[in-house]
Each structure stands twice: as structure tokens, then as C-alpha cells.
Amino acid sequence: MNRGLYGGILMKPGYKESEKEWIIELSRSDVYWYDLLVNSHENFDTKKIITDTLKSLKNSVESSLEKRFVYFIFSRKKVRFDTSKNITYCDKTGRFNLSLLVGREKEEIVVVGEFYDHQTKKALKLEVELTEKFITITDDMGDKSSFPIHTFLQEFGIDIGLSSTVHYVGYTKNPHTRPTNGSHAGLSEVLYNVSNEDNDILISFNLFKVTVFADNKKNGMKLHIPNSMTNEIDADLEGFIIEKCFILYFDSNNQIKNKVKERKELKNNLVQLSSENNINLITLYYELEVPSEYWKLGSSTIAPNSKHYFEVKLEFGMPKISVPPPQY
């Protein structure tokens with residue numbers, strides 16, 4: 001579907017003269033463990049699986065409503081399965097205990113999960129094989145499913161009390177090649193600066209819904225409409241602005257050497273939005289519908305939180321971040 005389906009509204013006097021605000025909300029976020037792009041499973045090519053999945057996601061987005069992906073490169077404490085201990089079942093409900101080793105010190109944590117068939121509403125006791133990085137589950141039909149440890153913890157909703165640290169924010173049209181192809185300077189710096197003995201590196205690809213709130217007090221008109229439906233701001237600039245807002249917000253030490261350049265680019269974008277489109281405020285919400293500690297994000301300057309809500313606007317000619325009281 002092409003952007004700008006309702007582009008004609010841009011020429012309406014009531015809309016052109018309106019005071020406008022951008023409201024940016026997270027639509028979806030997909031996380032991939034960088035290690036799987038370098039070190040594959042012995043029985044299947046994890047790099048190919050990830051790149052094919054991202055290519056399919058890109059094609060799906062472009063065939064529905066073109067957007068850009070804003071990606072976060074982040075770290076979490078290293079976590080591995082304890083292969084010296086087998087899974088133990090608690091009772092007939094399908095609940096189980098599983099031992100994990102966390103961080104450089106390999107601190108042992110025992111987690112509780114549940115194998116449950118939501119269709120039959122029956123608990124399952126399944127055969128499980130472990131390596132440090134993968135769990136392979138065999139069902140009663142003999143079919144095997146293998147999960148990387150980070151995927152397993154996400155899919156089964158198992159929290160172990162950790163948070164994620166954002167080191168780099170970028171944007172891309174092609175998530176299957178950037179930053180996943182290994183020739184990305186920001187990723188290389190993160191891999192160099194963050195200890196791989198104590199941490200795992202992951203990448204989240206985020207899609208956002210950008211809604212324009214137009215308020216024309218002169219004629220009493222108020223309108224909410226997705227930016228993609230008018231294409232008032234094209235997909236590239238939309239993604240670029242979202243990226244710059246999150247760079248400014250997380251203010252990671254890893255991107256500090258480009259801080260002046262990033263702020264200048266965002267300033268120019270905000271000046272353009274204000275002068276050409278009368279858009280003077282950007283409000284951003286980052287929260288998953290189903291909470292997971294993988295999206296409990298912080299940075300070198302922002303405390304970890306599963307919800308991020310902030311505003312960006314020009315103040316004395318420079319981009320300014322403010323965090324108003326939550327409204328949701």
C-alpha cells in the first residue's frame with residue numbers, strides 16, 4: 001500500500017494552518033541475538049534463518065505501509081543453560097525448574113516455567129536436551145524444536161531480574177543487512193567496548209506508528225491522522241527523526257563522539273518541521289503490549305524501565321528532551 005493515500009488533506013486550509021504535534025508509539029519490536037549471526041547451531045544455519053526472517057519482515061512492511069526500522073543495539077548479562085543439571089518437573093501441571101548461569105561469574109539462577117498446550121488445555125511433560133546456548137524440546141509425536149536461550153526466555157515469559165543497556169541507536173530500510181552484516185561501525189564499537197565475557201549483545205528492530213494531532217482553534221477543527229496516510233513527512237525523514245530523538249534520549253556513551261553532529265541534525269529537522277509543517281512538539285511512547293524484561297531498557301544515562309515516555313521540542317533554538325508526568 002502506498003503512503004499518502006489521503007495526501008489531499010495537506011492542501012486543506014484548515015489542516016495547513018493547524019498547530020500540530022507528532023505522537024509516536026511503538027508498533028512492534030523484534031529482538032535477535034547477535035551471536036547467532038556469527039556462531040551457528042550445528043544442525044541449522046542461524047544466520048540464514050535470521051536474515052531470511054528480517055528480509056520477510058521488510059517485504060511485509062513495504063507491501064502494507066512503508067516505514068523505516070529504528071534499531072537498538074543493546075547488551076544484557078550473559079546467560080547460559082547449566083548443562084550439568086537436568087530439567088526437573090515440579091508436579092503434574094507441566095511446571096519445571098531449570099538452572100541458568102549468569103554473567104562472568106556464572107551465578108546460578110533456578111527459573112520456573114511451564115509446558116502447556118493452550119489448545120487442549122493440558123500440561124505437557126516433554127523431553128528436553130540442553131547445550132549452553134540452545135534448548136531442544138521433543139514432543140510426544142517425536143517432533144523436535146530448538147530455541148536459543150534468549151528466545152526461550154522471551155517465548156516462555158521467564159524473567160530473571162535483568163535489564164538491557166542501549167549502546168547504539170540507528171535506522172535502516174534493510175534490517176537483513178544493516179547492522180547485521182558485520183560491517184557496521186557502531187556495532188563494531190559496541191562489540192569492542194562491551195565485555196563479551198560478561199554480556200550478550202542483542203539487536204531490536206522497532207517499528208513505530210506516527211500520528212499527527214492537528215488543532216485549528218480558529219475553525220474548531222481537531223484531527224488525528226497517521227503521518228503515513230498523508231505522507232506529509234516521507235518514510236526516510238520520519239525514520240531519521242525518530243532515530244535522532246532516541247539517540248538524544250538514551251544519550252549513550254557509545255555515541256557521544258557524534259553527539260554535536262546528531263543534535264545539529266535533529267535541530268535542523270525540528271526547524272524544518274516547525275517552519276514548513278507547523279509541527280512543534282514530538283511525543284514518544286516506548287512500551288510493549290506484553291511486558292518482558294528484554295525490553296526493560298536503560299543506557300549509560302537513563303535508568304532501566306519497561307516504559308519510556310518523553311517529549312522533544314526546540315527550546316532556545318536547540319532540541320530539548322523533557323519527561324512529563326505519565327498520562328497512560
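**Exercise 1. The largest cavity**

Which residues line the largest cavity? Work on the predicted model. Then assign the lining to helices.

*Solution.* 
1. Start with the count. There are two cavities of 30 Å³ or more.
2. Take the largest cavity. Its space comes to about 110 Å³.
3. List the lining: K244, I247, L248, D251, S252, Q255, I256, K259, E262, R263 and L266.
4. Assign helices. At least two lining residues come from each of α7 and α8 (259–277).
5. α8 contributes the most, with four residues.

**Exercise 2. The F72–F250 pair**

Classify the geometry of the aromatic pair F72 and F250. Then place both rings in the chain.

*Solution.* 
1. The structure has 20 aromatic pairs. F72 with F250 is one of the pairs, at 5.5 Å centre to centre and 75° between the planes.
2. Planes over 60 degrees apart count as edge-to-face, so F72 and F250 are edge-to-face.
3. F72 belongs to strand β2 (residues 69–77), and F250 to helix α7 (residues 235–250). The two are 178 residues apart, so this pair links distant parts of the chain.
4. Check burial. F72 has a relative accessible area of 0% and is buried. F250 is buried too, at 1%.

**Exercise 3. The F96–F152 pair**

Is the pair F96 and F152 stacked, tilted or edge-to-face?

*Solution.* 
1. The ring centres of F96 and F152 are 6.4 Å apart, with 35° between the planes.
2. Stacked needs planes under 30 degrees apart and edge-to-face needs over 60, so F96 and F152 are tilted.
3. F96 sits in strand β5 (residues 95–102) and F152 in helix α4 (residues 149–155), so the pair joins parts 56 residues apart in sequence.
4. Beyond its neighbours within four places in sequence, F152 contacts F81, F96, L98, I135, I137, F147 and I158.

**Exercise 4. Clusters, core and charges**

Identify the aromatic cluster that holds F72.

*Solution.* 
1. One aromatic cluster consists of F72, F208, F246, Y249, F250, Y286 and F310.
2. Context: in soluble globular proteins, nonpolar side chains tend to be buried together.
3. Now the charges. The charged end of R76 sits over the Y294 ring, 3.9 Å from its centre. K20 lies over the face of Y15, 4.6 Å from the ring centre.

Note on methods
Residues are numbered from 1 along each chain as its sequence is written. This is a predicted model: local features need pLDDT of at least 70, side-chain atom pairs count only at pLDDT 80 or more; totals for chains, interfaces and linings use all residues. Side-chain values use heavy atoms; hydrogens and water are left out. Rings of Phe, Tyr and Trp (its six-membered ring) pair if their centres lie within 6.5 Å; planes under 30 degrees apart count as stacked, over 60 as edge-to-face and the rest as tilted. Buried means under 20% relative accessible area, exposed over 50%, partly exposed in between (1.4 Å probe, protein chains only). A charge sits over a ring if NZ of Lys or CZ of Arg is within 6 Å of the ring centre and within 35 degrees of the ring normal. Contact means heavy atoms within 4.5 Å. On a 1 Å grid over the protein atoms alone, a cavity is a set of points where a 1.4 Å probe fits but cannot get out, and a pocket is an open set with protein on both sides within 12 Å along at least five of seven lines; lining residues have an atom within 4 Å of a point. Grid points are joined across faces, edges and corners, and a volume is the space filled by probe spheres set on the points.
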